[in-house]
2 protein chains.
Amino acid sequence: MSREASAETDVLLRRHGLQVTAQRLAVLRAVSDRAHRTADDIYRVARAEIGAISSQAVYNTLTALTDKGILRRIQPAGSPARYEDRVGDNHHHLICRTCRRMIDVDCAVGDTPCLTAADDSGYEIDEAEVIYWGRCPECVAGPRSRAVTHHKETAREEKDRRV
Amino acid sequence: MSREASAETDVLLRRHGLQVTAQRLAVLRAVSDRAHRTADDIYRVARAEIGAISSQAVYNTLTALTDKGILRRIQPAGSPARYEDRVGDNHHHLICRTCRRMIDVDCAVGDTPCLTAADDSGYEIDEAEVIYWGRCPECVAGPRSRAVTHHKETAREEKDRRV
DNA sequence: GGCTGATCTAGACTCACTCCAAGGTTGGGG
DNA sequence: CCCCAACCTTGGAGTGAGTCTAGATCAGCC
């Protein structure tokens, strides 16, 4: 995220009635810098950046921002929650069963049609969360012992910039 | 599950190379009796039924049965894992954000079309997991303080038989 | 610059597993 | 009917992810 984007972020927080703090800016930067980070990743990235931040502040901030709809929380089975700042465009996720890498995919059907279940049983549906499970090209090619690593940030992953 | 169904269950286990034990039968019965139970629910139901079973045995059994594809594990955000015996028919789930109640919904589109993402990015997709989030009719009607109860089995829930 | 509520901090705590170990029981093939 | 691998039991320790609490600090309005 560039210098001028920081001012934007500033406004974004204020618009939602949130105070602007160094911690919140760092968290937002960590998330927008790379999608699908875990709370722990974000904690370490933010700490590296601003020197001091507690993991609680990270959790608080992520919860606050998720509640305000600024961030989106994704919680795939067997994995800690991950966060992204791409909200409101109803895209979905594709996760590799072997290396747990997650990428975005656009909605298969179109605009927001995924929101329509065949029978909603009277529920007021506000979100359809779609997770495609499979294996990524690399894991299909070479099924090395990367299995079920609830990996932190790996060197390999570093190259996966925002999609 | 009725008396004669127990014989079926027997065969089911054997077919997958698993020994037939009282504990496994009790676990299977607890799951098929009502879908979407948690490991803890199953533990208590099974214990009530056969008198003695350790939580380890429940976890072992659930893991074994899930691995064999006899049960399906669902792990929604902010909730412990839940189990169901309705496998292989590609149905989805609808969860109330307020009371966490979960019900089945049939696939919105048809047979197994949910498996098709717009762009699979070279991934080999084998499952599409869809979770619809919303609020159930009761929580819409009366938003009482049931919020975010990671409830155990409540009296109210008892009436939700298999869908 | 002062005040006040929003936010941050450290650290204890909970929950849902998960993984031993070591001994006891039991299903089912031979 | 015997045997042994598969299974279960108690008990305890450990872990990852998140939650709670109480007190300190800070943003931003006046």
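Which helix gives the most to the surface near DNA strand C, and with how many residues?

Author: The model is a predicted one. Helix 4 of chain A makes the biggest contribution to the surface near DNA strand C, supplying three residues.

Of the atoms of DNA strand C that come within 4 Å of the protein, 77% belong to sugar and phosphate. Gln19(A) uses a backbone N or O atom, which lies 3.1 Å from a phosphate oxygen of DNA strand C. With Gln23(A) the side chain is involved: one of its polar atoms lies 3.0 Å from a sugar or linking oxygen of DNA strand C. Two or more residues of this surface come from each of helix 2 (22–33) and helix 4 of chain A, and from helix 4 of chain B. By class, the surface near DNA strand C holds eight nonpolar, eight polar and three charged residues.

DNA strand D is surrounded by 18 residues, with Thr21(B), Gln23(B), Ile53(B), Ser54(B) and Ala57(B) the closest. The side chain of Gln23(B) has an N or O atom 2.7 Å from a sugar or linking oxygen of DNA strand D. From chain A, the side chain of Gln19(A) has an N or O atom 3.2 Å from a sugar or linking oxygen of DNA strand D. Arg24(B) brings a polar side-chain atom to 3.0 Å from a phosphate oxygen of DNA strand D. The elements that each supply at least two residues of this surface are helix 4 (55–67) of chain A and, in chain B, helix 2 (22–33) and helix 4 (55–67). Its residues divide into eight nonpolar, seven polar and three charged.

Next, the strands of chain A. Three of them form an open antiparallel sheet in the order 1-3-2. Strand 1 and strand 2 (72–74) each have a single partner strand and stand at the edges, so one side of each lacks a neighbour in the sheet. Strand 2 pairs with strand 3 (residues 82–84) of chain A through three antiparallel bridges. Within strand 3, Arg82(A) is the bridge partner of Ile74(A). Arg82(A) is also in contact with Thr38(A), as are Pro80(A) and Ala81(A). Thr38(A) belongs to strand 1 (residues 37–38) of chain A. Because its relative accessibility is 7%, under the 20% limit, Thr38(A) counts as buried. A polar atom of the Thr38(A) side chain lies 3.1 Å from the backbone nitrogen of Asp41(A).

In chain B, strand 4 (residues 92–96) and strand 5 pair in the antiparallel sense over four bridges. His92(B) stands opposite Val105(B) of strand 5. The two strands form a hairpin with five residues between them, and Arg100(B) in the turn has a positive phi of about 70°. Strand 5 (residues 102–105) is covered on both faces: Met102(B) and Asp104(B) are buried on one side, Ile103(B) and Val105(B) on the other.

Conventions: Residues are numbered from 1 along each chain as its sequence is written. Chains are lettered from A and ligands numbered from 1 in the order in which they are written. This is a predicted model: local features need pLDDT of at least 70, side-chain atom pairs count only at pLDDT 80 or more; totals for chains, interfaces and linings use all residues. Side-chain values use heavy atoms; hydrogens and water are left out. A residue is near a molecule or strand if one of its heavy atoms lies within 4 Å of it. A polar contact is a pair of N or O atoms within 3.5 Å; within protein, one must be able to donate a hydrogen and the other to accept it, and residues adjacent in sequence count only if both atoms are side-chain atoms. Ala, Val, Leu, Ile, Met, Phe, Trp, Tyr, Cys and Pro count as nonpolar, Asp, Glu, Lys and Arg as charged, and the others, Gly among them, as polar. Buried means under 20% relative accessible area, exposed over 50%, partly exposed in between (1.4 Å probe, protein chains only). Two strands pair if DSSP finds at least two bridges between them. Contact means heavy atoms within 4.5 Å. Lists of a residue's contacts leave out its neighbours within four places in sequence.
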